[in-house]
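Here are my notes for your first look at this one. Have the structure open while you read.

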Amino acid sequence: MTASKSERLMNLVIMLLVSRTYVTKDRIREVIEGYHGSEDEAFEKMFERDKAELRAIGIPLELGFVDKFFEDEQGYRIARDAFELPDLAFEPDEVAVLGLAARVWQHAGLASATSDALVKLRAAGYDVDREVLDVLQPRVQADEPAFDAMWAMTISRTPIRFGYRRPSDPAPTTRHVEPWGVVTSRERWYVVGFDRDRREPRMFRLSRVEGEVVADGRPGSFAVPEGTDVRALTANLTPVRPTSEATVLARRGSAVLLRRRALEVTGPVPGPDPGTEWDRLRVTMYSRDDLAGDVLSHLGDVVAVAPPELVALVVERLSALSGASS
Amino acid sequence: MSGASTRDQLTRLLALAPYLQTRGGVPLHEVAADFGVSRDQMLKDLRVLYMCGLPGFGPAELIDINVEALVDDPDGIVRIDNADFLARPLRLGSNEAFALIVALRALLDSSTVASREVVERTLAKLEAATEAGSTPLVDVRIPAQRVTEQAIRGPIEQALKADRQLQISYLVPSRDEATDRVVDPIALLERDGRGYLDAWCHLADDRRLFRLDRVASVTVLDTPRAVPKLRPRDLAEGLFASGPDDLIARLRLSQEMRWFAEYYPVLTSVETSDGGLEVTLAVADEGWLLRLAMRFGHGLTVLDPALLGDRLSAVAAEALRLQRATA
């Protein structure tokens, strides 16, 4: 076997990294053993692919004129300060935190991106210990099929289009978006960005994306407006859950969870069952449906008082369950 | 060699040279482990690196590695020389930097006051050194309700560090009661955005998983743990470990209740003619099933155990009487 592709690429990187001037293609072909003996066309193809390979792993290849004064011949170079990881001066406790961060992602692609990052930090001399500090263990998951594409397009600033369907839509519609950020809100993943059809920032839930996320322009072809705070924008775009208040009665010693989230507890108050003591609880009602479910799940230890719509719903459900006519 | 594996190998080679130089000598198996590859693959990597060097490629220009000695001695120490032109690793790619930064932000959100400071420092250094810092494009937000858990987390972390027992007051919705128990903490865990305490419970005399949002209070005791520390459980396998005493319930779900099958670990699931599902579920506590059937009775019917149906209508009739007697 001739020199392996990795060997050829490594020698190319080293050559361009140590050179003080731009190196011409001819010179590269002459020096790097892997290019010897190839026909012109084969060499051109091989060299193009090699450049793409180096750029894909993040190596900054620069193209410039070999001689500044006579702009005739072009060559390549890798600037050391753009190539090398700067000295981050991490303290030992910070290194332990980095080790912890490595275990956060429960997503194959990003877990490996994190471990690639840690390999580089280890190479810079940090002993990223995977066993220290096993106390905090947040886990971040991303199971939505659209996540990988959204993440990549956001980072490369590529405009996208995708099918999107809200629960009320009979069929998906095509959306055109400049993705500014991928965010979580209430445990769900969203992409926030500029909606090119509606001409304003919008957010889209990734679980509602249908089909492929497709590039709708070139990478880097839009800019995120200066000073955009993705987290604040998400908060602004998140619909406010309408809430109201409700009142229920709970038997003394029961409804431990409901009491915990109550706005106010007063008692004892007269209840439907004179044998035991009851308290009055004022609670926030996010959904009448959910609160009626909460009342029923207490098996008669909680009754609804207000609003009347809640009381009616509780009576209706209990009637159905007991087999009685309402 | 395929494109992806060349790329992986090249990435490793670029890191390998500075890695070996900053450390002096490292046992071969340790190098392999740090790079997440087998010992054989690491030997192959080292052989390639050994063929690389400065233009000219004579003995004075090539990177020097004791490859031959390592072939005979798999426990040998890897040594490198003449590679000072590759003294530092490649910069973090934007994908790597973002993945790490988002992970650190998640850590920050779930940190206690005491551990926040170090996470913030780490994040600041990383953001300053990468483009990713200029505009944060990806953000994970750990919900605000978990901030109330922080008061619970502090003492638990303290007990974990000091190997002490904890006294907790835990709310059990399936029995609607608060129970006081002494536990030996094993680990704090996280799953689907929720915090859990993995612990040995002396009340149950068994290992239990406690949801942090249901821990009403917590006190660190002076007593050391009584049960040797166990390995934290892996929540990736799911939260619900079914026990030998579980009963198997059969439920019919309406179309509106289909979400239930995604939310709870159902054992089997069959489509019904009206667009709903019929599922089976392992249930440890019949009281839990009764409360579930009351809560979702409009869309969830318990088929098995059949007797539960009778209990359900009796409980509902009594609850209805009380509801109607409420002024």
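1. In chain B, 56% of the contacts between residues at least 6 apart in sequence join residues at least 24 apart. Two residues are in contact if their C-beta atoms, placed from the backbone, lie within 7 Å.

2. A word on the source: this is a predicted model, where local features need pLDDT of at least 70, side-chain atom pairs count only at pLDDT 80 or more, and totals for chains, interfaces and linings use all residues. Residues are numbered from 1 along each chain as its sequence is written, while chains are lettered from A and ligands numbered from 1 in the order in which they are written.

3. Now the two chains together: 96 residues of chain A are in contact with 92 residues of chain B. On chain A's side, that splits into 55 nonpolar, 22 polar and 19 charged residues. Ala, Val, Leu, Ile, Met, Phe, Trp, Tyr, Cys and Pro count as nonpolar, Asp, Glu, Lys and Arg as charged, and the others, Gly among them, as polar.

4. Look at helix H6 (residues 108-123) of chain A and H5(B): their axes come within 8 Å and cross at roughly 100 degrees. That makes H6(A) roughly perpendicular to H5(B) (65 to 115 degrees counts as such). Axes are lines fitted to C-alpha atoms, for helices over the stretch in contact, with angles running from 0 to 180 degrees between N-to-C directions. Helices are DSSP runs of H or I, at least four residues, numbered from the N terminus.

5. Who meets whom there? Residues of H6(A) including Leu110(A) and Ala113(A) meet residues of H5(B), among them Leu100(B) and Ala103(B). By class, this contact has 7 nonpolar, 2 polar and 2 charged residues.

Key. Helix = DSSP H or I, 4+ residues; strand = E, 2+ residues; numbered from the N terminus. Parallel < 35°, antiparallel > 145°, perpendicular 65-115°, else oblique.
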